[in-house]
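Subject: Structure handover and findings

Dear colleague,

Please read them with the structure open beside you.

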Amino acid sequence: MRASAIGATALLLLAVAACGGRDGGTAGTAASGKCQGQQTTGITDKSIKLGGIYPLSGPASAYGDIPKGIKAYFDYVNAEKGGIGGRKVEFVVRDDGYQPPKAVEEARRLVEQEQVFALFQTLGTPSSTATWDYANQRKVPQVFVATGASKWGTDTTHPWTIGWQPNYISEARVYAQYLKTEKPDAKVAVLYQNDDFGKDLFGGFTRAIEGTGIKVVAEQSYEVSDPSVDPQMRNLAESKADVLLDITTPKFGSQALAADARNTAWNPLHIVNNVAASITVLKPVGFENVQGVVSSTYYKDPNDPMWQNDAEMALYRQKMGQYAAGADPNIPYHAFGWAVASSFHKAMDAAACPTREGLRDSVRNLKGVQVGMLLPGVTMDTSPGDGFPIESMQLMTFKGERWELFGQVIDTRKEFGPLTG
């Protein structure tokens, strides 16, 4: 693996030489040589500038832990590996408060003022949807967006935008398959966020249970501006459903879990979607109150002792302590950030040209790429007709004070077929 990495880096350096010099990454800069005419704004022979947009404040501020893990990875690579292909990475983070208009404002600032090479990890379906027209009009890579909306992989009109994590429809299919085995006559109550994120996962679930004995008997939506989902949870409890599908972001995930725990007269199997499954969501509810909750994942949980002797986990813990002092390495969102930053590193290593076009093409031509923080058996694979880098997941249930994996890694491409637009 080390030899492969060295070889990939060598190829990238050769591409740099072939592309000729550049003027330091000012607006409109372009490569020469075999990469002639391709954009080099934000990238020089010695640096790469990336821009991320996160809800560091507002109702989804729990996700603000992700860029800490990303920055720790890049700081480690910069200090100890000479950067990515000899380039030091500068990661500029902006706060949109989980507000789409603010996300557009920050995207424009990153592209036009900061002159970033790429938008890396714009978080949230509403925010990323608000910015992808702009990014594609400007021909700026918007790579590995932090949202599992299915459109990132099926849309053909935004070639500069691509997701990273498993898409919500495939995640929904995993839960449906689980219920077909464990509760084939399940009566399901659904709580979902009333936006593209919530509707995508909910819609995928309803399609996945068609023709089965599983029925949705109640549904309640909430707005991100709502102070609480307690009213919705009371309404869902009246359905007497034996399964609760919880499609929420962290703040509302905690509220739904707490409301479920308080209502001792209703005891459904509680399935919480991956994006609200962090231990930071469950801990405020009390671990004793979330026993048996089910979810799914695709990357290693730093709280799981099965990774105690794992080389990547050991590296992550060491470098988080070194480059993100004060950040708790046990928070899974930090591990998520580390994993996606490592994924970007692999994509840049594989790029034929160190240009915006080179990155755009590289992320859509990933073949069995292994990333140390992903679960064994989970790789990144894309093609011109498949824009979903990660499509494998494993179910987990909460026991004691941590999530416990069960079953096998499910390759949703093979199990359910590829998603198409």
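The axes of helix 11 (residues 311–323) and helix 12 (residues 332–350) come within 11 Å and cross at roughly 105°, where axes are lines fitted to C-alpha atoms over the stretch in contact and angles run from 0 to 180 degrees between N-to-C directions. Helix 11 is therefore roughly perpendicular to helix 12, a term that covers angles of 65 to 115 degrees. Helices here are DSSP runs of H or I with at least four residues, strands are runs of E with at least two, and both are numbered from the N terminus.

This is a predicted model, in which local features need pLDDT of at least 70 and side-chain atom pairs count only at pLDDT 80 or more, while totals for chains, interfaces and linings use all residues. Residues are numbered from 1 along each chain as its sequence is written, and side-chain values use heavy atoms, with hydrogens and water left out.

In the contact (heavy atoms within 4.5 Å), Glu312, Leu315, Tyr316, Lys319 and Met320 of helix 11 meet His334, Ala335 and Trp338 of helix 12. The residues of this contact divide into five nonpolar, one polar and two charged.

The structure also holds one disulfide, defined as a pair of cysteine sulfur atoms within 2.5 Å. This disulfide joins cysteine 35 to cysteine 353, with 2.1 Å from S to S, and the link is left-handed, with -90° about the S-S bond. Cysteine 35 lies in the loop between helix 1 (2–19) and strand 1 (47–54), and cysteine 353 in the loop between helix 12 and helix 13 (356–362), so the pair ties together parts that are 318 residues apart in sequence. Both cysteines are buried, meaning under 20% relative accessible area with a 1.4 Å probe and protein chains only.

Turning to the rings, there are 22 aromatic pairs, counted for Phe, Tyr and Trp (its six-membered ring) when the ring centres lie within 6.5 Å, with planes over 60 degrees apart called edge-to-face. One of these pairs is formed by phenylalanine 74 and phenylalanine 91, which are edge-to-face at 6.0 Å centre to centre and 70° between the planes. This pair links distant parts of the chain, since phenylalanine 74 is in helix 2 (residues 66–80) and phenylalanine 91 is in strand 2 (residues 88–95), 17 residues apart. Phenylalanine 74 counts as buried at 1% relative accessibility, as does phenylalanine 91 at 11%.

Finally, Tyr73, Phe74, Tyr76, Phe91, Phe120, Tyr316, Trp338 and Phe344 form one aromatic cluster.

Best regards

Notes
Parallel < 35°, antiparallel > 145°, perpendicular 65-115°, else oblique. Nonpolar A, V, L, I, M, F, W, Y, C, P; charged D, E, K, R; others polar. Buried < 20%, exposed > 50% of the residue type's maximum accessible area, 1.4 Å probe, protein only. Phe/Tyr/Trp six-rings, centres within 6.5 Å; stacked < 30°, edge-to-face > 60°.
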